[in-house]
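Hi everyone, thanks for coming. Let me put the structure up, and then we'll walk through a few parts of it together.

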Amino acid sequence: MGSATTAAATAVTGHPDSAPAVDVRGLGKRFGDLEAVVDVSFSVHRGEVFAFLGPNGAGKSTTIKMLCTLARPTAGTARVAGYDVVASPRRVRERIGLVFQDQTLDEQLTAEENLRFHAVLYDVPRAEVDARITRVLDLVDLADRRTSLVSTFSGGMARRLEIARALLHTPDVLFLDEPTVGLDPQTRVRMWEDVRRLRDEEGVTIFLTTHYMDEAEYADRIAIIDHGRIVALDTPAALKARVGRDVVHLATADDEAAATRLRAAGYEVQTPADGVDVVVDDGEAPAAPIVPALDRLPVRQARVRRPTLDDVFLHFTGREIRDTGGDGMSFARKYMAARRR
Amino acid sequence: MTVATAPRSAVRDGFSLAAEARTAGVVWRRELIRFTRQRARIVSGLVQPVLFLFVLGVGLTPLVGETGGVDFTQFMLPGVVAMSVITTAIFSGASVVWDREFGFLREMLVAPVSRAALVVGKAAGGATVATLQGAAMLLLAPFVGVRLTPLLVLQVLAVSLLMSFALTAFGVFVASRIQRMESFQVVMQLLLFPMIFLSGAMFPLTGLPAWLAALTRINPLTYAVDPLRRLVFAAQDVPPEALARFGTGVTLFGVRLPVITELVVVAAFALLFLTLSVRAFGRPE
């Protein structure tokens, strides 16, 4: 049990700053014949905001569940906050904060009662509980709702309260699984401001999953996951630079024919749903040679675009991210259940 | 990094009874808070037993008649206390189905605490709430001519606590098997009423046809209802002919079980379902 001894020693002495907050080597999860996660390796630095970006069903949730010790890996290893998720699940759970896609608050309790419950489960020293509650409620701007029943909260407020609760026991790593699903755009922006502030003020490492491209921009680094594998991992800027070149987007009378002709002329062409993307070295000058290559096919619209994360995703996965919002069903169910109660 | 976290986990190294007790305690407190916020549940929990005692009990009294100063309502009182305790306890345990549906179960299950502490806390919470509901039924005793002594009240509370602890654990286990809210009502109807009808809460268990007697003997509630009635009768001046008429005591293979044996059966039932519940919630994916 060499690794357990090392873990115990680290717990007493505190972690060296160099140890990664999350360290994953060859992680895999198989459900029968289905390989949900395949040979995933990465590490997250302390104090980093790290995003897992991928469509629904790509393996994001399965990975996060393994890191949170809620699912057992079938291959590889993962260490979170210095502890192995299989050998010391309880240690890991003490060190992490969790916010799930679905709400996990008791609506019949007040905000403060929910927090006090959590404080006991996570063994927050009694002398510190009041100060921590005040602190985390301030962080998410809910101080004035401290004694309100959670059933009176809006969806955004409830989510913020969950984040506050996840921070109550000063975790090393905060896991947010699709934290903005089901929230309106304004609340989502607000939520991201909160997340950045948490990192700056609490020094917590943040690991989140999302299938919204625009949100991944807020992260320090992004791992793109597709069909259970990491297909790219870098900062948003570096990922865009790797996709590299600018794109001329065309809408033509016959996109399929246009793509064929452009390919024949030696252009690199991608075909999103709404037109043809021609990859060029410099977006400022290039429109002129493209037009003859189209061989008089009418162009309805043309515009030059710098790479975005959507392009990055398309580049690495060969398709566009599907914004299907897989959470809609469970929200509806919850609503029905609430009415029946 | 905040300093506060560093030294703490060293304390959590092994099993800490204090930590387990704190966890069970906070789960227990949550059950009580929720109970006090559900006025409708309290009222509906009181109405049904009152109906049984004053409508069914009084209604059947002319038919059953009186023996040695004891009539059917006095026979029914401990049964009604038991019914109140049973219903409240099973529903408390089964509220895990709601906890699952509304997500709070997850908050509990991912915490770095033992499943046993969570289940014990839940069972203790359900037991407290159910015992309070049962105790409320004792307030009806004077109206049906049952004399309460301080000792009797304590005895009834103690038996109620044990019984409701067992039934809440049973309810938690049943709830752990139910994934959908829709199935919940059905399962409850299929379990609750037969268990109450076959427990001796509503009619004496003596002189029954063999098949019915057998069913009552395998119902664990039988061993909780009988001690309640024996304790209540022991505190009254019940003549032997009335005791015979309203047959107290459960006979198993021709042996009349002492109260203590009956309570051991209930305790074993509690332990069994406590263990099963802990195991049901212990599996990772």
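Let's begin in a loop: A:A81 sits between β4 and β5 (83–84) of chain A. Before going on, some housekeeping: this is a predicted model, in which local features need pLDDT of at least 70 and side-chain atom pairs count only at pLDDT 80 or more, while totals for chains, interfaces and linings use all residues. Residues are numbered from 1 along each chain as its sequence is written, and chains are lettered from A and ligands numbered from 1 in the order in which they are written. Helices (H or I, at least four residues) and strands (E, at least two) are DSSP runs, numbered from the N terminus.

Back to A:A81. Its phi is near 55°, a positive value in a residue other than glycine. Is A:A81 buried or exposed? It counts as buried because it has 26 C-beta neighbours inside 10 Å; the cut-offs are 20 or more other C-beta atoms within 10 Å for buried, 12 or fewer for exposed, and partly exposed in between, with C-beta atoms placed from the backbone.

A:T69 also has a positive phi, about 70°, and is not a glycine either. You'll find A:T69 in the loop between α2 (60–67) and β4 (75–80) of chain A, and with 23 C-beta neighbours inside 10 Å, A:T69 is buried.

Now the sheet. In chain A, 4 strands form an open, antiparallel sheet in the order β2-β1-β4-β5, where strands pair if DSSP finds at least two bridges between them. β2 (34–44) and β5 of chain A are the edge strands, each pairing on one side only. β4(A) and β5(A) are joined by 2 bridges, and A:V80 stands opposite A:Y83 in β5(A).

What about β6 (residues 96–99) of chain A? Both of its faces are covered, with A:I96 and A:L98 buried on one side and A:G97 and A:V99 buried on the other. Thanks, and I'm happy to take questions.
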